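The sequence and structure come first.

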Amino acid sequence: MAMKNPLAIGLLAVMMAAMAVVAVQGHVDVPFTDEDLESEETMWNLYERWRALYTSSSMDLGDIESRFEAFKANARYVNEFNKKKGMTYELGLNKFADMTFEEFAAKYAGAKVDAADLASVPEGNYEEELVGDVPVTWDWRQYGVVTPVKDQKQCGSCWAFSSVGAVESAYAIATKQLLRLSEQQVLDCSNAGDCSGGYTSSVLQDFAVKKGIALDQSGNPPYYPAYQAEKLACRTVAGKPVIKMDGAASVPSSNEVSLKQSVYKQPVSVLIEADNNFQLYVKGVYSGPCGTSINHAVLAVGYGVTTDNTKYWIVKNSWGTGWGESGYIRMKRDIAAKEGLCGIALYGMYPIKKTAAISMVVDN
């Protein structure tokens with residue numbers, strides 16, 4: 001395939017740099033200035049620097065040109081956005097910087113909403129379950145009930161990661177034992193979705209209650225095979241341990257106060273709209289703009305307030321530690337819109353765990 005200059009000139013150097021990529025633990029900035037955006041050549045040099053840090057979303061040589069075009073557009077967008085005054089967050093050339101938003105959303109989002117399904121889940125009774133006001137700030141990570149950030153990779157299985165995260169935390173709070181559970185088993189066996197998307201509600205109120213979620217390959221004892229980022233045949237085995245929930249409850253919709261009370265009780269699975277800014281987020285309190293076209297599932301694990309009194313949610317994502325603030329994002333809280341920023345207050349759900357017993361798989 002004929003390559004346009006400077007692509008042909010830089011192709012060999014790029015491939016050598018890609019072979020030398022090391023695993024990135026947390027976001028690494030790729031600094032750039034207006035001068036880096038002035039020409040095709042300077043843009044290509046910037047792209048080479050980026051590829052030396054991040055594995056490209058595509059290693060296909062025939063796709064280099066389209067990756068470069070997406071990278072250029074994102075670099076210009078990041079540059080202009082970060083010049084805006086008064087923003088509470090920053091964008092950057094993170095590991096998704098050579099993907100268009102359409103490509104990105106197709107591979108890394110995937111939450112679906114079944115309004116009828118959600119309507120059948122009872123709302124939590126906050127007057128009975130809470131005593132007095134909740135703290136001004138709260139972070140479940142400080143209490144050892146949140147597993148490390150995971151990576152769904154190029155599979156729209158966010159619904160499985162959000163659901164599993166909520167079950168892991170509910171079990172840890174009830175038993176004082178934090179276990180790593182298997183998103184792969186949920187993907188394979190729950191019938192709640194696939195790599196094109198799925199339903200957290202089906203996992204939390206059905207599969208986690210009736211069937212149970214298996215320990216992953218790092219569990220003690222290890223059980224379900226490692227995450228493969230694709231839906232495979234269900235491999236649960238009779239007699240193996242699974243974690244079951246006693247039920248599930250929804251958070252009253254369009255009510256950030258209720259969501260805050262629920263998050264104080266335990267981490268909550270929430271659905272949001274992840275847009276282009278969300279894709280390129282690197283740090284700060286995310287404030288949109290974004291709508292309520294739900295496409296992504298995440299886990300709210302706490303809330304806080306900055307020194308300048310900006311309130312935020314602490315949200316665990318499933319795109320690895322190389323995205324955002326070591327895999328997390330802080331999203332602005334208590335906004336004027338009742339649905340919350342990006343719709344975070346629309347579809348909150350959490351599992352209920354009252355007993356400490358571990359169940360066994362009865363049948364396949």
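Cys158 is buried at 0% relative accessibility, where buried means under 20% relative accessible area, exposed over 50% and partly exposed in between (1.4 Å probe, protein chains only). Cys158 takes part in no disulfide, and the nearest cysteine sulfur, that of Cys155, is 9.0 Å away. A disulfide here is a pair of cysteine sulfur atoms within 2.5 Å.

The model is predicted: local features need pLDDT of at least 70 and side-chain atom pairs pLDDT 80 or more, while totals for chains, interfaces and linings use all residues. Residues are numbered from 1 along each chain as its sequence is written, and side-chain values use heavy atoms, with hydrogens and water left out.

## Disulfides

Cys155 and Cys195 have sulfur atoms 2.0 Å apart, and with -90° about the S-S bond their link is left-handed. Cys155 is buried, with a relative accessible area of 1%, whereas Cys195 is partly exposed at 22%.

The sulfur atoms of Cys189 and Cys234 are 2.1 Å apart; this link is right-handed, with 100° about the S-S bond. Cys189 lies in helix H8 (residues 183-189) and Cys234 in the loop between strand S5 (213-214) and strand S6 (241-243), so the pair ties together parts 45 residues apart in sequence. Helices (H or I, at least four residues) and strands (E, at least two) are DSSP runs, numbered from the N terminus. In the pair of Cys290 and Cys342 the sulfur distance is 1.9 Å, and the S-S torsion is about -90°, so this disulfide is left-handed.

## Aromatic pairs

There are 30 aromatic pairs. Rings of Phe, Tyr and Trp (its six-membered ring) pair if their centres lie within 6.5 Å; planes under 30 degrees apart count as stacked, over 60 as edge-to-face and the rest as tilted. Phe101 and Phe104 are 6.5 Å apart at their ring centres with planes at 40°, so the pair is tilted. Phe101 is partly exposed at 23%, while Phe104 is buried at 1%. Both belong to a ring-pair cluster whose members include Tyr77, Phe278 and Trp323.

Tyr303 and Trp313 form an edge-to-face pair, 6.4 Å centre to centre with 80° between the planes. Tyr303 is buried at 1% relative accessibility, and Trp313 is buried at 0%.

## Charges over rings

The charged end of Arg333 sits over the ring of Trp313, 5.6 Å from its centre. The criterion is NZ of Lys or CZ of Arg within 6 Å of the ring centre and within 35 degrees of the ring normal. The charged end of Arg330 sits over the ring of Tyr312, at 5.2 Å from its centre.
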